[in-house]
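Please look over the structure below before reading the notes that follow.

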Amino acid sequence: MKYLMKKTITLILTLLTVTFLTFIAFEVIPGDSATLSLGTDATPEQIEALREQLGYNKPVLVRYKDWLCDAVKGDFGTSMNYNLPVGQLIKERLPVTITLAVLSILLTVVCAVPLGIVTTRKEHSRAEGIHQFFIHLGMAIPPFFLGILITFIFGLTLRWFVPGTELSFSENPSQFIYYMIYPAIAVAVPKVAMMTKFLRSSIKRQLGLDYVRTAYSKGGTNRHVMYRHVLKNALIPVITFFAMIVAEVFAGSIVVEQVFNLPGLGRLLVTAIGNRDYPIVQAIVLYIAALVILMNFIVDVLYQYIDPRVKAE
Amino acid sequence: MGNTILEVNDLHVGFVENKQYAPIVSGITFSISKGEILGIVGESGSGKSITSLTIMDLLKHNGKVKQGQLLFEGSDLLTMTKEEKRRKKANEIAMIFQEPMTSLNPVIKVGPQVEEVLALHKEPNPGEYKKRVISMFEDVGLKDPEAIYGKYPHQLSGGMRQRVMIAMAMILRPKLLIADEPTTALDVTVQKQILELLLQMNKKYGTSIIFISHDLGVVRKLCDRVIVMYDGAIVEQGTINEIFECPKEEYTKKLLAAVPSMRKHEEQEEAATVEQEEETPAILTVKDVTVGYTVKGRGIFGKKTTKTIVKGVSFDIKEGEIFGIVGESGSGKSTLSKAIVGLTPHASGEITMQEAHPQMVFQDPYSSLNPAKTIGSILSEPLIIEGKLKKEERRRKVEQMLEEVGLKGDYYGRNIAKLSGGQRQRVAIALALMTNKKFIVLDEPVSALDVTIQDQILKLLKRLQQQHRLSYLFISHDLNVVYELCDRIAVMKDGVIVEQGTRDEIYYHPKEAYTRQLIEAIV
């Protein structure tokens, strides 16, 4: 419990630091939104008036406090470009990104864990070379190409889905999720390959350890040794890696969103950067940072349950 | 032969690498009777461990039994199906291993780890399993067995873990127990207890034991009969008395002669040590030294706490003297040595030396030298740092030093990775001597080596010490080795020096109870 308390306090502090740094970073970048939205023709008086109106003339710390309080309430300001609240813009895109993320994470776990186990089993056989080939192919293939390939095979040739359809979660959830499976595959394939490779080497390392020999000396079957003894130990390092994948996927996949014409967070971010739409960029950076920190927090807590040695330290 | 439990006939085992068969065990034949304790001794590479792993069917994937028979109660283990062999494991033949630290699964509680043996062999009454485990824990002398049941391996000491391993091996009352170096990783006092426990199991349940060890002293104490193995073959076998009192083969004689032992010297005159003149200046003075680690708590607010390892230790080492520090693991002897060399800062007290930066030789020659470098480049390094010699001079000096530590020939350009443990330790010693230092700290320099190699290294150290009038601080847990080499000795326990004196004072007239306990545990 004490461990959890400590971790929570660390989490909050890290989040505060990150939000502050994010805020400062956009303070430092020259050219604020006031100048931008009025254009180059504006008189200094006009700019000054707008700055006053937007509250840019207050001290940095006061503005940080205001911004943070608003952000906690979900108010990230107004987008210059869309002239809409940033919160609303993000909210509209979240279902796409979250569905895509959850599907690709599920696919990754469902495929990578059994593949990791099976491919270690087949070590020292001819199949090993074939496994290696597919793992490396999966890691090397660029997601956009995979996206195009999937569109071509499943969309254009087999006609299992119609590429470029615009669907929304609220109107037709099942249709929406079905359509999302294809981009999810494009996102998941490289992750599956990486995680399989990682888990495989982790399992291999464990198989060489003394406790595995002990387990066999007790009369354990291969199954028993793998599932009761090896897997739990082998997953410990994989969890950190997995958390990185999760954070990455939740941040949105720009390329895949583009290929499948999905209105997700990744595309919003790219457009916003192009337009110098700082409130959006700020909000998304904050979202990604918070996500990474949160994932790390979850990993730390998970470790405690999986590896009893962590508690002892 | 109704009394024989296991009969090994002409067993050939090897490894297949690149489709080439490399023999490890070539044609050994022996047997063990019911209730007997059979010792197998040999140095690393002799094939003793491979023999035991073959019996347990635990060979790695590239291990191959080429020919032979393993008759367990008359039926051949080698021709059985995998399932038949699996049912024999733990049930009829069980095994305990060298490393109690790593032999248990770190993420599962020890109780359930023992309990699963019962489930794997489909023992009746699953409801009774836990009770059986707890009573077995009691049987192997674990105090508070119910609490131990719920502990993770890292919460137990090495001795306790080995007891858990024995409980795991004995819970189904196997007919044969294979113990592969079960006490090598343990402290002397704990080693004694574990040996007694094995003997007790043997008496109580009539279990035959194959006891594999490189430690002849231990084998002599425990076993009824002994097999001496060398290079995959049996050199000699016989009863303890036959082997230890009148060995027939050259190799056995050599092996016995190499064992450092205070008992061997007992009849010799006691005043063999060189008397130190009072005037000899001290090369190192340690005065009231305390060493501790700062342990930082986890997280941003983790409190810093200091853990004291060495508590107010004082001693001095005179020129040309070999000073030994003995103690069990956790006594602080290694931490103290690191503080002296300057690898760890000391919290308080004074360390004064005649010359700065004493050199150190570490325990594990396999991990303490960079395997990617050549011997020449490793040994040249201190000379380059010193910056006094030119390239050719450096090379000449390195070659000269290599010859001095007994590595004649073209070692200069060779890679560390290709050397044996003994050769590596010679390189480490050469490295320590490179800059003409008079004082060297040796931290368990021979504990990782085989007896005959150990003997050679000890002789080398002694020769170098006499030739160059060196002083050593020699740290070891092995009281026999310390006896062989040291002039004066300090006994450490829990960070303090319990007793210090000349070798003979410590070994023959110990004043403190702890010292006596250590001396008595020597086998």
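A residue is called buried when its relative accessible area is under 20%, exposed when it is over 50%, and partly exposed in between, with a 1.4 Å probe and protein chains only. By that criterion B:Thr4 is buried, because its relative accessibility is 14%. This is a predicted model, in which local features need pLDDT of at least 70 and side-chain atom pairs count only at pLDDT 80 or more, while totals for chains, interfaces and linings use all residues. Residues are numbered from 1 along each chain as its sequence is written, chains are lettered from A and ligands numbered from 1 in the order in which they are written, and side-chain values use heavy atoms, with hydrogens and water left out.

**Chain A as a whole**

- Chain A has 14 helices and 0 strands, where helices (H or I, at least four residues) and strands (E, at least two) are DSSP runs numbered from the N terminus.
- The C-alpha trace of chain A spans about 85 × 55 × 35 Å along its principal axes, and buried residues make up 42% of the 313 residues in this chain.
- Of the contacts in chain A with a separation of 6 or more, 73% come from residues 24 or more positions apart, a contact being heavy atoms within 4.5 Å.

**The interface between chain B and chain A**

- The size of an interface is often given as the accessible area lost when the parts come together.
- Chain B and chain A bury about 2,700 Å² between them, and 61% of this is on carbon and sulfur atoms; buried area here is the accessible area (1.4 Å probe) that two parts lose on being put together, summed over both.
- The contact draws on 31 residues from chain B and 30 residues from chain A.
- Between the two chains there are 2 salt bridges, a salt bridge being a side-chain nitrogen of Lys or Arg within 4 Å of a carboxyl oxygen of Asp or Glu.
- B:Glu116 forms a salt bridge with A:Lys218, and the closest N and O atoms of this pair are 3.1 Å apart.
- Chain B and chain A also share 13 residue pairs in polar contact, both residues being at pLDDT 80 or more; a polar contact is a pair of N or O atoms within 3.5 Å, where within protein one must be able to donate a hydrogen and the other to accept it, and residues adjacent in sequence count only if both atoms are side-chain atoms.
- On the side of chain B that touches chain A, the elements that give two or more residues are α3 (110–120) and α6 (158–170) of chain B.
- The element that gives the most to this side of chain B is α3(B), with 5 residues.
- By class, the side of chain B that touches chain A has 18 nonpolar, 8 polar and 5 charged residues, with Ala, Val, Leu, Ile, Met, Phe, Trp, Tyr, Cys and Pro counted as nonpolar, Asp, Glu, Lys and Arg as charged, and the others, Gly among them, as polar.

**Salt bridges within chain B**

- A search of the whole structure finds 30 salt bridges over all chains.
- B:Asp316 forms a salt bridge with B:Arg488, with the closest N and O atoms 3.5 Å apart.
- Because B:Asp316 lies in strand β12 (residues 304–318) of chain B and B:Arg488 in strand β18 (residues 488–493) of chain B, the pair ties together parts that are 172 residues apart in sequence.
- B:Asp316 is partly exposed at 26% relative accessibility, whereas B:Arg488 is buried at 18%.
- The side chains of B:Lys333 and B:Glu444 meet in a salt bridge at 3.8 Å, N to O.
- This pair links distant parts of the chain, 111 residues apart, with B:Lys333 in helix α12 (residues 333–341) of chain B and B:Glu444 in the loop between β16 (439–443) and α16 (451–468) of chain B.
- B:Lys333 is buried, with a relative accessible area of 7%, and B:Glu444 is buried, with 8%.

**Individual residues**

- B:Thr4 is found in strand β1 (residues 4–17) of chain B and touches B:Ser31, B:Ile32 and B:Ser33, not counting residues up to four places away in sequence.
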